[in-house]
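I'd like to walk you through one model, so please have a look at it with me.

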Amino acid sequence: MMDSTQSYAAMTRAEGKQPSWSVCYRAAWTAATTLLCTASWMAGRTAGPHAPGLGAWAREARAEPPAAGGQWSGELRVVARYPSAIQDACPGGLEVSSSIDSFRSTVALVQQSKHPDSWEVALRYPSSLAGTKVQLSLLQNAGRYEAAAPAACTALCPGFSTAGMQTWGPKMFAQLPADGSPASAELWPSFCQARSTSCTEELWSQAAQRPFNVTVTLPSSLVENPLPRPEGKLPSVLVRLDGQFLWPYLPNNGDASFAALSLAGAVRDLVFVTVDLAKHGDVLWRHPLLVPTSLRSCPDTSAALEAWPSLRRAWEAYQPAYQRLNSTYGFGQADALLDFITGEMLPRLVTKYLPRGPAGRALRVRDLDVGLWGASDAGYTAWYGAWSRPGDFDAALMQTPMVLWNCGEALDTVKRTGREWLRRARAGEFGSGGVPRFYMDHGEQEDPRAFAAPIESLYGVLRQSGLEDGKEVFLVRGHGDGHFDNAFYRRAFRALVALYGVEDGGLGYRPPL
């Protein structure tokens, strides 16, 4: 039985299949591999993980005296999963540096003969570091200063540097056991690419009985390194609703700029899935899909109205606009949209675009970190998805969400059920994803009755229910911002850092004062 260390290309050839990475970049990979085959004589190198001397070098590196602070305590096994096709074509090799010795030295990782896409080395650490977290830095061709890169190498790795490269993306850490027992760190680095890859296709939804245009944007790290891995090692998936409104005048709808946050190591890698809710060119067909209930007037009383009486007058002012939409389009089909996302779209896209799991098994969609992103009415949908289906969605990115809908229906729900919902979430009743994360924002120039007051109230009632600020719930106020797409774009970076920020990423969320 094959394990996760087997060569990805060998595994797929044995099954009579093409590698499962997306058709978006399969053509580029195939062309580069062909060039590699026809120019393999250029790919030879005088040093690298294949060279016999480097295995001895790695063993000797472990025998160095321990850093100040005590005797050797144990070993940290560093395993890098990286395509052997790139390493075969490019000079140098993979190396690792670590905070164990304050990054003063690098150690070569050695390719495993039975698993050519795996590169390993064992690092010794002193007893003074037992029970602590150490940082790892992976490098490619470090310090070699080659005169030139072979054409076969630059075909697979356009960004290859003859002076060496450090991995893109978030910093890598490993926890050392307190008892000094052996530890391991499994990593999927990327060095070559600096561009995301996007594909658009039309999908028919049986649940919603209509088509959707869906665009998938893969991070450059996944394009370069599509080797199998566990769900927890994959990028988060962020489903963006109302794709027709999300900055169509920007490159890849702004994804290029958002992806730069991951490249810089500020947030984890993200797969953006943008869903266009327009139908036959009519953007107003979005409305039936964005709320779970039919249009209603304020009830005589509710938990929300008792706490916030001003909701009644605010909703009475906005309800007529929704009544005009209701006569043509209707409302209340949000569950059909969510059924499409979880039951139809995501299984298809995961199979088509994401790597397989260990041993080539199919990925478990529910074990991925999946979020919903929406603005205004779609922001309400993001809340509803994460709140009503916490087993399917792990995060809600809500930009000026229409919390006012149906006289504060969301506020009433959280007010009545919030504490019990959180108890169940913390008990793991919704799955292994833990408590969903909720980000919300609003602008100071937006109507305070319709947006600021209800959104601030939602943040407050979530906090009263027990959600932890800065970890499970986030609020950002856009000073001077109106209800405009450029204001949403400006705040989007703060939203991504809040929900997807990484350890020591250089940027951080600040709780509201």
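Let me start with a term we'll need: a residue is buried when its relative accessible area is under 20%, exposed when that is over 50%, and partly exposed in between, using a 1.4 Å probe and protein chains only. Keep in mind that this is a predicted model, where local features need pLDDT of at least 70 and side-chain atom pairs count only at pLDDT 80 or more, while totals for chains, interfaces and linings use all residues. Residues are numbered from 1 along each chain as its sequence is written, and side-chain values use heavy atoms, with hydrogens and water left out.

With that term in hand, take Arg361: its relative accessible area is 26%, so Arg361 is partly exposed. Its side chain meets that of Glu231 in a salt bridge, 2.8 Å from N to O. By salt bridge I mean a side-chain nitrogen of Lys or Arg within 4 Å of a carboxyl oxygen of Asp or Glu. By that rule the count comes to 27 salt bridges.

And Glu231, is it buried or exposed? Glu231 counts as buried, because its relative accessibility is 6%. This residue is found in the loop between helix 6 (220-224) and strand 12, whereas Arg361 is in the loop between helix 11 and strand 14, and the two are 130 residues apart. Helices here are DSSP runs of H or I with at least four residues, and strands are runs of E with at least two, numbered from the N terminus. Leaving aside neighbours within four places in sequence, Glu231 is in contact (heavy atoms within 4.5 Å) with Arg361, Ala362, Leu363, Arg364, Asp367 and Leu368.

Now two other pairs. Asp441 and Arg491 meet through their side chains in a salt bridge of 3.1 Å, N to O. Asp441 lies in strand 16 and Arg491 in helix 15, so this pair ties together parts 50 residues apart in sequence. Asp441 is buried, at 0% relative accessible area, and Arg491 counts as buried too, at 2%. Salt bridges that share partners also join Glu231, Arg361, Arg364 and Asp367 into one network. The other pair is Asp369 with Arg268, whose closest N and O atoms are 3.6 Å apart.

On to the sheet. Which order do the strands take? It is an open sheet of eight strands, in the order 10-11-13-12-14-15-16-17, with mixed pairing; two strands pair if DSSP finds at least two bridges between them. At the edges are strand 10 (197-205) and strand 17 (473-478), each pairing on one side only. Strand 14 (residues 370-375) and strand 15 (residues 395-399) pair in the parallel sense over five bridges, and Gly374 has Met398 in strand 15 as its bridge partner.

Last, the nonpolar core, meaning buried Ala, Val, Leu, Ile, Met, Phe, Trp, Tyr and Cys residues joined through side-chain atoms within 4.5 Å. The largest has 83 residues, and among the members that touch the most others are Trp383 and Phe438. Helix 11 (residues 334-353) gives the most to this core, with 11 residues. A second, separate core has 34 residues, including Ala80 and Cys153. As for Phe438, its contacts beyond four places in sequence include Trp383, Met398 and Leu499.
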